[in-house]
Amino acid sequence: MAKKDLYGKLGVKKNATSKEIKAAFKDKAKKAHPDKQGGDNSEMAEINHAYSILISPEKKKRYDELGDDQPE
């Protein structure tokens, strides 16, 4: 299975700060939220997943080092 590009999903660089990650998440979520016209459940789930990994310093480090994108 190919490694997911969580940084690409949020549109941030690998060295993005938590503030930049949060801002990118909010921007993407506004567009993909299923309650919005043109929103998409699966896209929102992918954005939420990327955010949950990249906003956590421990999970982000594990993702960067091992490519592990599992929440636990």
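This report describes the fold, salt bridges and surface charge of a predicted model.

## Overall fold

The protein chain contains four helices and zero strands. Read from the N terminus, the order of elements is α-α-α-α. The radius of gyration is 12 Å, close to the 11 Å that the globule rule gives for 72 residues, so the chain is as compact as a globular protein of that length.

Along its principal axes, the C-alpha trace spans about 40 × 30 × 20 Å. Of the 72 residues in the chain, 29% are buried.

Side chains of opposite charge can pair when their charged atoms come close. A search of the whole structure finds four salt bridges, among them two that involve Lys9.

In one of these, Lys9 pairs with Glu43, with the closest N and O atoms 3.3 Å apart. Glu43 belongs to helix H3 and Lys9 to helix H1 (residues 6-10), so this pair ties together parts that are 34 residues apart in sequence. The relative accessibility of Glu43 is 28%, and this residue therefore counts as partly exposed. Lys9 also counts as partly exposed, because its relative accessibility is 21%, and the cut-off for buried is under 20%.

Lys9 forms a further salt bridge with Glu46, where the closest N and O atoms are 2.8 Å apart. Here too the partners lie in helix H1 (Lys9) and helix H3 (Glu46), so the pair ties together parts that are 37 residues apart in sequence. Glu46 is partly exposed, at a relative accessible area of 38%.

Elsewhere, salt bridges with shared partners join Lys9, Glu43 and Glu46 into one network.

## Positive surface patch

Lys22, Lys26, Lys30 and Lys36 form a positive surface patch. One of these residues, Lys36, sits in the loop between helix H2 (18-32) and helix H3 (41-54). Lys36 is partly exposed, with a relative accessible area of 48%.

## Other positions in helix H3

Asn48 is located in helix H3 and is partly exposed, its relative accessible area being 36%. From C-alpha to C-alpha, Asn48 and Lys9 are 9.8 Å apart in space, while in sequence they are 39 residues apart.

Ser52 is also part of helix H3. Its relative accessible area is 27%, so Ser52 is partly exposed. Ser52 and Tyr7 are separated by 45 residues in sequence and by 12 Å in space, again from C-alpha to C-alpha.

Note on methods: Residues are numbered from 1 along each chain as its sequence is written. This is a predicted model: local features need pLDDT of at least 70, side-chain atom pairs count only at pLDDT 80 or more; totals for chains, interfaces and linings use all residues. Side-chain values use heavy atoms; hydrogens and water are left out. Patches are made of residues with over 30% relative accessible area and no salt bridge: like charges are joined within 9 Å, nonpolar side chains (Val, Leu, Ile, Met, Phe, Trp, Tyr) within 5 Å. Accessible areas come from the Shrake-Rupley method with a 1.4 Å probe; for residues, only the protein chains shown count as cover. A salt bridge is a side-chain nitrogen of Lys or Arg within 4 Å of a carboxyl oxygen of Asp or Glu. Lys and Arg count as positive and Asp and Glu as negative; His and the chain ends are not counted. The place of a charge is taken as NZ of Lys, CZ of Arg, CG of Asp or CD of Glu. Helices (H or I, at least four residues) and strands (E, at least two) are DSSP runs, numbered from the N terminus. Buried means under 20% relative accessible area, exposed over 50%, partly exposed in between (1.4 Å probe, protein chains only). The radius of gyration is taken over C-alpha atoms; the globule rule is 2.2 Å times the number of residues to the power 0.38.
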